[in-house]
Amino acid sequence: MENKKDVFYLAGYDPRSYRYYYALLKRNLYKQNYLNGLNLSISPCSQKNEIPCCVIVGEESQVNYHFLQWDSVVKKYWAKSLCDFVFDFAYFLRTYIFSGIFRVFAKESKTQLIAGLYPIVYFCLSYAVSFVGIFYLFQMLESWNLAVAILCVLVCLWSVTKVILYLGRNLQYFGFLTFMCFAQNMLRAKLQNLKLSSTSLAM
């Protein structure tokens, strides 16, 4: 075998698993064999070291095709608490909205623009609907006992926030936000390493 290489496929904000992309790769490989007279074979997809992988073999080449999922890379950097989420959301607003970069997406790619607006629309609509329900609950309880009404409002706000964050993470509504914040944190880490390296060289 003269030519061996590894190829890493990184899926986008797609909730479909690696099995979908493996089936797509296999189907297109057979099409290429038919159209171009190739003799490529593909192995079943197996998980080695927790990373799904298949092997494509040709007459003079072998490709180890690895399927990566972006959320498995950034998942440990996701916001763990409400405070973390507030900081991430504030950074997202500053970077994506207030900087005006969303105008670039509006001109170049409507799909990416919509993906970028997911966190804001989901967050605002969820809280708007929740606030309406909490307001009516407060009005019902206020005439009976004001202290109980206030306590119920606080409990509902806490519960609603937990539900919004849970659904947002699991339904990938915060995908764009999470990825931007992850990239920013990674950039900061690299810059810190560069500063440390330059300092050590200077010494």
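The accessible surface of the protein amounts to about 14200 Å², and 63% of this area belongs to carbon and sulfur atoms. Accessible areas were computed by the Shrake-Rupley method with a 1.4 Å probe, and for residues only the protein chains shown count as cover. The model is predicted: local features need pLDDT of at least 70, side-chain atom pairs count only at pLDDT 80 or more, and totals for chains, interfaces and linings use all residues. Residues are numbered from 1 along each chain as its sequence is written, and side-chain values use heavy atoms, with hydrogens and water left out.

Of the 203 residues of the protein, 28% count as buried. Here buried denotes under 20% relative accessible area, exposed over 50%, and partly exposed the range in between (1.4 Å probe, protein chains only).

The protein contains seven helices and five strands. These elements are DSSP runs numbered from the N terminus, with helices (H or I) of at least four residues and strands (E) of at least two. Along the sequence, their order is β-α-β-β-β-β-α-α-α-α-α-α. Among contacts (heavy atoms within 4.5 Å) between residues at least 6 apart in sequence, 56% join residues at least 24 apart.

The largest nonpolar core comprises twelve residues: Ala11, Tyr18, Tyr21, Tyr22, Leu25, Leu29, Ile42, Cys54, Ile56, Val63, Tyr65 and Phe67. Such a core is a set of buried Ala, Val, Leu, Ile, Met, Phe, Trp, Tyr and Cys residues joined through side-chain atoms within 4.5 Å. Two or more residues each are contributed by α1 (18–36), β4 (51–57) and β5 (61–69). The largest share, five residues, comes from α1. Apart from this core lies another, of seven residues, including Phe89, Tyr96, Leu113 and Leu165. Within the largest core, Val63 is in contact with Lys5, Val7, Cys54, Val55 and Ile56, leaving aside its neighbours within four places in sequence.

With its neighbours within four places in sequence left aside, Ser130 is in contact with Val160 and Ile164. Val148 and Phe138 are ten residues apart along the chain, and their C-alpha atoms are separated by 9.1 Å.
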